[in-house]
Amino acid sequence: MRRIIPIVIAAIALTACSSIDCPLYNQVYSKYMLDGEVTMLSDTLYVSTTKVDGKDTTLINRLYDASDFLLQMSFTQPEDVLYFTFKNPLSVRTDTVRVSKTTYPHFESVDCSPSFFHQIEGVSTTRHAIDSIIIAKKIVNYDTTGCHFRIYLKPGD
């Protein structure tokens, strides 16, 4: 009987430590939603950015007929610079969107790699196709049910 008790305790301890609950995807995304007179994309949208190493990368390619979309935020820079290109058969318009933010690590467990959450400090844009952008929700974490940015596009051209 004395031998069984340490074996049972060891088995319980091993099963308790075997379950690490790390999130499968620890990326966080900001949600952009069209608002105002234009609530659905009629032009084709491309979104790109320049990485820290100076290389361009496409974040969204050929988005059409959508009212919202998700974009990943960088965790190495205090400001994200995004290029929103709107294409239709008659024109191509590109706006530069700058999102300033504070980034902080979020730990689920010491065994898991950290996620990086953000607090949005400000947003600005050029005004070629986008009339304005407002911040609707400042905290960017795993929750994408609400929108972080409301985009007001200039009506038809």
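Student: How much space lies in the second largest pocket?

Tutor: In this predicted model, about 170 Å³ of space lies in the second largest pocket. It is lined by 14 residues, and the closest to its centre are Ser42, Asp43, Arg93, Lys154 and Gly156.

Student: What makes a residue part of the lining?

Tutor: Distance does. A lining residue has an atom within 4 Å of a point of the pocket. By class, the lining of the second largest pocket has seven nonpolar, three polar and four charged residues.

Student: What is the volume of the largest pocket?

Tutor: About 270 Å³. The largest pocket has 16 lining residues. Thr49, Lys51, Leu59, Met73 and Ser74 lie nearest its centre.

Student: Which strands supply at least two residues of that lining?

Tutor: Strand S2 (44-50), strand S3 (56-63) and S5 each do. The largest share comes from S5, with three residues. The lining of the largest pocket divides into six nonpolar, seven polar and three charged residues.

Student: Why is one space called a cavity and another a pocket?

Tutor: The test is whether a 1.4 Å probe can get out. In a cavity the probe fits but cannot get out, whereas a pocket is an open set of points. With a threshold of 30 Å³ or more, the count comes to one cavity. The largest cavity has a volume of about 30 Å³.

Student: Why use a probe at all?

Tutor: Rolling a probe the size of a water molecule over the atoms shows where empty space is left.

Student: Which residues line the largest cavity?

Tutor: Ser30, Tyr32, Leu71, Gln72, Met73, Asp80, Leu82 and Val99 do. Strand S1 (29-35), strand S4 (68-72) and strand S5 (79-87) each give two or more residues to this lining. By class, the lining of the largest cavity has five nonpolar, two polar and one charged residues.

Student: Now the strands. What makes S1 and S10 a pair?

Tutor: Two strands pair if there are at least two bridges between them. S1 and S10 have four bridges, in the parallel sense. So they meet the cut-off and count as a pair.

Student: In what sense do S8 and S10 pair?

Tutor: Antiparallel. Strand S8 (residues 130-135) and S10 share five bridges. Isoleucine 130 has leucine 153 in S10 as its bridge partner.

Student: How do you know that S7 and S9 pair?

Tutor: Set the value against the cut-off. Strand S7 (residues 115-125) and S9 have two bridges, in the antiparallel sense. At least two are needed, so this counts as a pair. Glutamine 119 has isoleucine 139 in S9 as its bridge partner.

Student: Why are S3 and S9 called edge strands?

Tutor: Take the order of the open sheet of six strands: S3-S2-S5-S6-S7-S9, with antiparallel pairing. S3 and strand S9 (139-140) each pair on one side only. That is what names them edge strands.

Student: What makes the side chains of S10 alternate?

Tutor: Look at where they point. Phe149, Ile151 and Leu153 point to one face and are buried. Buried means under 20% relative accessible area.

Student: Which residues touch the most other members of the largest nonpolar core?

Tutor: Tyr32, Phe69, Phe84 and Ile151 do, in a core of 27 residues. Beyond its neighbours within four places in sequence, isoleucine 151 is in contact with residues including Tyr32, Phe69 and Phe84.

Student: Why might such residues gather?

Tutor: In soluble globular proteins, nonpolar side chains tend to be buried together.

Student: Why is lysine 138 called partly exposed?

Tutor: Its relative accessibility is 42%. Buried is under 20% and exposed is over 50%. The value for lysine 138 falls in between, so the residue counts as partly exposed.

Student: Where is lysine 138, and which residues does lysine 138 touch?

Tutor: Lysine 138 sits in the loop between S8 and S9. Leaving out residues up to four places away in sequence, lysine 138 touches His118, Gln119, Ile120 and Glu121. Lysine 138 and histidine 148 are ten residues apart in sequence and 6.5 Å apart in space, C-alpha to C-alpha.

Student: And how much of the whole chain counts as buried?

Tutor: Of its 157 residues, 31%. The secondary structure comes to one helix and ten strands.

Technical notes
Residues numbered from 1 in each chain as written. Predicted model: local features only at pLDDT ≥ 70, side-chain atom pairs only at ≥ 80, totals over all residues. Heavy atoms only, no water. 1 Å grid on protein atoms, 1.4 Å probe; cavity = no way out; pocket = protein on both sides within 12 Å on 5 of 7 lines; lining within 4 Å. Points joined across faces, edges and corners; volume = space filled by probe spheres on them. Nonpolar A, V, L, I, M, F, W, Y, C, P; charged D, E, K, R; others polar. Buried < 20%, exposed > 50% of the residue type's maximum accessible area, 1.4 Å probe, protein only. Core = buried A, V, L, I, M, F, W, Y, C linked by side-chain atoms within 4.5 Å. Contact = heavy atoms within 4.5 Å.
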